[in-house]
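Subject: Structure handover

Hello,

Please find the structure below. My notes on what was found in it follow.

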Amino acid sequence: MKKISALLAVTALASVMATSAWSKTLVYCSESSPEGFDPGLYTGGNTFDASSRTVYSRLVEFKHGSTEVEPGLAESWTVSPDGKEYTFKLRKGVKFQSSDYFTPTRDLNADDVIFSIGRQLNSDNPWAKYVAGGSYEYAEGMGFPKLIKSIDKVDDLTVKFVLNRPEAPFIADLAMDFASILSKEYADKLQADKKMEQMNQQPLGTGPFAFVAYQPDAVIRYKANDTYFKGKEKIDDLVFAITPDASVRAQKLKSGECNIMPYPNAADIKDLKADKNLKVLEQAGLNVSYLAYNTLVAPFDKVEVRKAINMAVNKQAIVDAVFQGSAKVATNPIPPTMWSYNKEVKDDAFNPEEAKKLLEKAGVKDLSMKIWAMPVSRPYMLNARRAAELMQADLAKIGVKVEIVTYDWAQYLKLSSAKDRDGAAILGWTGDNGDPDNFLDTLLGCDAVGGNNRAQWCNKEFDAVVKKAKQTADVKERTKLYEEAQVIFKREAPWMTIDHSEEFIPMTKNVSGYHQDPVGVHRFDGVDIAE
């Protein structure tokens with residue numbers, strides 16, 4: 001079966017390349033298949049790469065290589081003095097893409113904005129559960145249903161968000177992938193035809209590239225959007241060649257089968273840098289990797305047990321083995337490059353003997369647990385299986401028996417968010433907007449329990465501090481509050497913080513215009529490739 005699948009994948013890619021023989025084609029060796037093509041439903045960076053950063057646009061956007069916000073579908077915006085009303089003026093004449101399955105009859109207007117964000121706020125909306133088992137995890141985890149009082153149409157090209165409270169990072173939040181703008185006209189047609197699930201299978205937006213076809217676990221094909229409001233891209237055809245194995249991605253890059261690859265093995269970086277036909281971009285990642293305990297399930301509902309596991313694991317050994325010098329051991333849940341990082345917080349020391357004492361104090365004997373290992377490479381964790389094996393060996397030394405489990409990536413993300421999940425899960429995060437709130441509230445706030453908060457940790461003291469911070473406009477005051485939140489986090493230990501990594505993007509030297517992105521997505525607008 002594996003040989004047949006491989007042959008199909010090669011055939012599909014060859015077919016794509018053949019049809020693009022007389023056009024400018026860029027091939028991106030992506031690390032995994034997308035969960036779907038509606039970015040509101042998901043949180044995975046690989047899914048955003050394949051959907052929101054190709055097909056869709058947002059009211060506001062991050063500048064290339066930056067977390068600075070610039071106009072997108074909205075050409076301008078104003079904020080009321082009390083910080084509760086945001087009014088956006090939309091660009092005139094923005095076209096939605098056409099396809100074999102839908103041809104729009106009008107340009108972008110306020111109705112599309114209201115539909116795209118509004119569907120994520122109300123469980124009674126007909127689009128709230130249109131994908132079986134799906135949910136608007138990001139919007140819910142960030143508290144948008146409680147935050148947004150209304151989204152009002154002032155006129156066709158003016159839309160106003162009315163909030164229940166001030167929200168300091170609100171503009172940056174709207175530049176995030178889950179806030180992509182979809183076509184209400186397309187949605188209405190799918191609903192009338194009883195084909196709503198196609199919104200997640202056949203995406204159609206206003207972005208730089210239009211979706212053409214997807215062969216699961218093999219190839220995604222896009223073409224340049226001729227009506228893109230910023231102008232047609234230099235690349236005619238964009239191909240995602242789905243290649244889960246990092247070593248195989250590196251081989252394809254070196255042989256010229258692809259032009260860009262993400263997440264190389266640490267052991268391959270030196271060789272990739274030495275290849276005269278390649279260049280390797282690198283930067284400190286705005287990320288963290290962690291082991292999330294399920295604090296709702298015994299014995300991990302006890303802080304002593306969580307602290308014991310933290311102290312039993314040699315994190316430096318994990319960083320050395322997995323990253324070979326391209327990462328640092330993590331202490332806090334936000335990276336040290338982010339403002340408000342608390343340098344005074346001390347990590348749980350590696351101390352197996354003290355770990356044994358903590359387990360005894362908690363009355364826990366003969367502990368058996370599961371560690372969930374991610375099946376894919378991510379910038380913050382290149383090899384979760386290897387990390388889990390090292391944890392397993394360390395924990396055996398204090399009498400804790402570990403079973404390592406995994407699932408395919410889509411299932412892993414879904415199942416790991418369950419409130420009754422057993423054991424602890426290796427996960428990670430790359431910041432979406434450069435704001436500490438995107439880590440501290442999005443991943444650890446009470447609103448995110450059952451979603452992005454994989455520790456299922458709702459600490460009222462912590463939650464009150466981060467909620468106060470996001471409602472405060474003064475950066476100095478926000479900094480003090482986030483520093484306080486990190487102290488509470490470390491005291492209660494809902495995670496074992498593992499690492500903050502550097503990120504490497506190898507590519508062929510004929511690629512130009514690609515910017516390494518601090519929020520971890522891979523964008524191809526503005527990219528060119530020499531013949």
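Across the whole structure, a search finds 40 salt bridges, a salt bridge being a side-chain nitrogen of Lys or Arg within 4 Å of a carboxyl oxygen of Asp or Glu. This is a predicted model, in which local features need pLDDT of at least 70 and side-chain atom pairs count only at pLDDT 80 or more, while totals for chains, interfaces and linings use all residues. Residues are numbered from 1 along each chain as its sequence is written, and side-chain values use heavy atoms, with hydrogens and water left out.

One of the salt bridges joins Glu61 and Arg53, at 3.8 Å from N to O. Glu61 is buried, with a relative accessible area of 7%, and Arg53 is buried as well, at 4% (buried means under 20% relative accessible area, exposed over 50%, partly exposed in between, with a 1.4 Å probe and protein chains only).

Arg386 and Glu389 form another, their closest N and O atoms being 3.8 Å apart. Because they are 3 residues apart in helix H13 (residues 384-396), about one helical turn separates them. (Helices, H or I of at least four residues, and strands, E of at least two, are DSSP runs numbered from the N terminus.) Arg386 is partly exposed at 36%, and Glu389 is partly exposed at 31%.

Asp394 and Lys397 also meet in a salt bridge, at 3.9 Å from N to O. Here Asp394 is buried, with a relative accessible area of 11%, whereas Lys397 is exposed, with 61%. Elsewhere, salt bridges that share partners link Lys146, Arg165, Glu167, Asp437, Asp441, Asp447, Asp463, Lys467 and Lys470 into one network.

Glu233 has no salt bridge, although it is buried. Its nearest side chain of opposite charge, Lys234, is 7.8 Å away (Lys and Arg count as positive, Asp and Glu as negative; His and the chain ends are not counted). Glu233 sits in the loop between strand E9 (219-224) and strand E10 (237-241). The side chain of Glu233 reaches the backbone nitrogen of Gly526 at 2.6 Å. Leaving out residues up to four places away in sequence, Glu233 touches several others, including Pro208, Phe209, Tyr228 and Phe524 (contact means heavy atoms within 4.5 Å).

Ile426 belongs to strand E16 (residues 424-430) and is buried, with a relative accessible area of 0%. Beyond its neighbours within four places in sequence, Ile426 is in contact with residues including Ser289, Trp372, Met391 and Tyr412. The C-alpha atoms of Ile426 and Ser32 are separated by 17 Å, the two residues being 394 residues apart along the chain.

Regards

Notes. Polar contact = N/O pair within 3.5 Å; in protein donor to acceptor, adjacent residues only side chain to side chain.
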